[in-house]
Amino acid sequence: MLRVVNRVLIGLVGLVLLVIGGSVLAVGLGLQPPSWWIHDSRHDVLLSDAERTRWRDDGWWWPTVFAVLAVLVLLALWWLTANLRRRRLTEVLVDTGDGEGALLRGRALENVLANEAAAMEGVHRAQVHLRGRRSAPETRVRLLLEPHVDPGTALNDLTAQALTHARNSAGLAALPTEVRLKGVKHRAERVS
């Protein structure tokens, strides 16, 4: 969702800046603006003194300005913290069965999963990322497959071997996984 919000916000800001900048450039090059437009001629300023101080003495003006600015600051802070948050899971809570729990480093589990997946037949390279919560981790696996490998077989082998071992060793009831498969680029084979 954050990726969609980022793209929409950047797109809207870009569109507004493009329209305003394009209109200022068009008026500056001598194009006649419509009568309702904020610029009258190429020598017009963006905000005149009269426009800048028009509502200064009205009682509603300053509270409205501060409220809008506060909302914009809060939205900017939300957006910044959402982008700076860690995406990777740093540790997984392993139930030891005695009422206590042990912590497993997320990078260790990622490395073991990636090494076991890369050791499967026909897998050129594997990348694993842990996400979610400590008690309910999720994995994102990317496999780069050799040209001769059937993707269904590779997916079944990954599920039956690497993911099952990881789930059992961490004592998890479930390990939801998103798998992305991609074939390695290669030259066309010649048949003689």
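Predicted model: local features only at pLDDT ≥ 70, side-chain atom pairs only at ≥ 80, totals over all residues.

Trainee: Which residue in strand 2 is the bridge partner of Leu93?

Mentor: Strand 1 covers residues 91-95 and strand 2 covers residues 101-105, and the two run antiparallel, joined by 5 bridges. Within this pairing, the strand 2 partner of Leu93 is Leu103.

Trainee: Which residue in the turn of the hairpin has a positive phi?

Mentor: The hairpin is formed by strand 1 and strand 2, with 5 residues between them. In that turn, a positive phi of about 90° belongs to Gly97.

Trainee: Which element gives the largest share of the nonpolar patch?

Mentor: The nonpolar surface patch includes Leu9, Ile10, Trp62, Leu72 and Trp79, and its residues together have about 1,100 Å² of accessible area. Two or more residues come from each of helix 1 and helix 3 (61-84). Leu72, for instance, is placed in helix 3. The largest share, 9 residues, comes from helix 3.

Trainee: Is Arg3 buried or exposed?

Mentor: Arg3 lies in helix 1, which spans residues 2-28. Together with Arg7, Arg85, Arg87, Arg131 and Arg142, Arg3 forms a positive surface patch. A residue counts as exposed when its relative accessible area is over 50%. Because its relative accessible area is 59%, Arg3 is exposed.

Note on methods
Residues numbered from 1 in each chain as written. Heavy atoms only, no water. Pairing = 2+ DSSP bridges. Helix = DSSP H or I, 4+ residues; strand = E, 2+ residues; numbered from the N terminus. Patch = residues over 30% accessible without salt bridge, like charges linked within 9 Å, V, L, I, M, F, W, Y side chains within 5 Å. Areas by Shrake-Rupley, 256 points an atom, 1.4 Å probe, with all protein chains shown as cover. Salt bridge = Lys/Arg side-chain N within 4 Å of Asp/Glu carboxyl O. Lys, Arg positive; Asp, Glu negative; His and termini not counted. Charge placed at Lys NZ, Arg CZ, Asp CG, Glu CD. Buried < 20%, exposed > 50% of the residue type's maximum accessible area, 1.4 Å probe, protein only.
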